[in-house]
Amino acid sequence: MLEIKDLYVSYGMMEVLHGISVDVQDKELVSIIGPNGAGKTTLIKTVMGLVKPTSGQILYNGEDITNIPAYKRAGMGIGYVPEGRRVFGKLTVEENLQMGAYELKDKAQIAKNIEMVYGIFPRLGERAKQLASTMSGGEQQMLAIGRALMLNPQMLLIDEVSMGLMPIMVNTCFEVIKKLNDEGITVLVVEQNANKALKIADRGYVLETGNIVLSDTAENMRKDDTVQKAYLGG
Amino acid sequence: MFTQQLMNALAIGSVYALTAMGATLIYGILGILDIANAGAYLIGAYLGWYIYYATGSIVLAFVLSMVAVGVLGILIQKFIYSPILAKPNTLSIIPLVAAVGLFTMSSDLVRLICGPYSLSYNFDFGVTSIRIGSVVLVPAWILIFALTAVLLLILWFILNKTKLGLAWRATANDTEIAKVCGVNTSNAMALSYILGYGFAAAAGIMVGILYNSITPALGEVPSYKMLAIIVLGGLGNPLGTVLAGLIIGFTEVFLSAYTSIPIPKDAIAFVVLIIMLLVKPEGLLGQKNKV
């Protein structure tokens, strides 16, 4: 479904991704793990069109999207949950969800999708008219996921969902991600919390200083000595 | 006397709010202080003058001048600010310097084309004054107040009740994520410019009507007073700007009418600003932490 081919990305003079290739099959849940600063967020941003690669290709459903501007990618079926949540703090919960459905013209459909998100996260329904900035980190993370679901995406890109959350919220978020995947949404997770990320994944990649150093099924990775030492705490 | 001062303060406050609104909308979405807005105000006033004396219509003077200056705003955004901001790691001083340059250029262009003298701005309203009981109302005040109210209501409606406005607010909040949601953010920026420069043009004409004359130096005082107003309002907050404009207008009118403080009228805005910043540094309606 998503194919990243030999991707190079630089910020100014500094190259941060040195020829990355990652592929995600239809209905798969793939996790990319790696330490802070490895280039995980850059990789996701490049897929979303927020960072321009210096070379390489991004194929989505076989179509080359490398040079399509970010705002035209929204309607293609990729939902994005950014690092640090980045909900629109000055908009209400409901307005945030409306922004997630910006590409939709049909008001009834938008209302239906908002109800669907409230069904997944009842908390958001209770806070519909509240400004997003006044909510807790966990609630904001739910909103960020909800916003990404507003266009009924085929695929979700999820960047550091566990960052800055209480352990109980981290578990809730991973459960929701797993459930969405079971319902047929393809998911690519980028995560420092390797333990959780590999537990729910079908396959995994390890990204270190801009290179993919390992890729395998999630099960094998959990058993792998070096992965255990470096990322799973022994 | 008091009612007279009140109407005068409302008219001046309205003009201030409208003048600063352009800079507010632009700061809100691009994060730059566009001093050149005061140039839009100047050019708007002159265009309004020429259109009025060519057609005899106050309505046409407002509409055509606002549209022309709004289009000028879009051109300035597309060809000057966007290329500057597109460069990686642009220091925020660079667009500011460009804005100062644009403003200076607009003042000098007006001076070269229209002459360095003042033009008399005698718009004919049909009546010179309206008397209600003991209160005498100047038609210009009513026009200014009513027109500002209409323009600000239109702005409020666009920002809060339309999809375009939602996209604008989202873009002002987080441009990158708005883009990912499918907003063509350069259109949201263009909206800021067409409204912002159009409003500034209307404010320019209003000031011409209010003081009966315009000169090429018309934009100088607003170019810095505008800053006091948008900072007072909480940088980039449209409602705060309206409040701040009215507060400054009222303070100026009432302080000079009822007290004999020795500071010049145009300095009052800054005294208010300094007091405000000491008490509430984030401005009237600013948020402490940007989310």
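How much space lies in the second largest pocket? The volume is about 530 Å³, taken as the space filled by probe spheres set on grid points joined across faces, edges and corners. This is a predicted model, in which local features need pLDDT of at least 70, side-chain atom pairs count only at pLDDT 80 or more, and totals for chains, interfaces and linings use all residues. Residues are numbered from 1 along each chain as its sequence is written, chains are lettered from A in the order in which they are written, and side-chain values use heavy atoms, without hydrogens and water.

**View 1. Lining of the second largest pocket.** Of its 19 lining residues, Q98(A), K107(A), T162(B), K163(B) and L166(B) lie nearest the centre. A pocket is an open set of points on a 1 Å grid where a 1.4 Å probe fits, with protein on both sides within 12 Å along at least five of seven lines; lining residues have an atom within 4 Å of a point. The largest share, four residues, comes from α4(A).

**View 2. Charges over rings.** The charged end of K163(B) sits over the ring of Y102(A), 4.9 Å from its centre. R147(A) lies over the face of F88(A), at 5.1 Å from the ring centre. The criterion is NZ of Lys or CZ of Arg within 6 Å of the ring centre and within 35 degrees of the ring normal.

**View 3. An aromatic pair in chain B.** Y224(B) and F270(B) are tilted, 5.8 Å centre to centre with 40° between the planes. Ring centres of a pair lie within 6.5 Å; planes under 30 degrees apart count as stacked, over 60 as edge-to-face and the rest as tilted.

Definitions and conventions. Phe/Tyr/Trp six-rings, centres within 6.5 Å; stacked < 30°, edge-to-face > 60°. Helix = DSSP H or I, 4+ residues; strand = E, 2+ residues; numbered from the N terminus.
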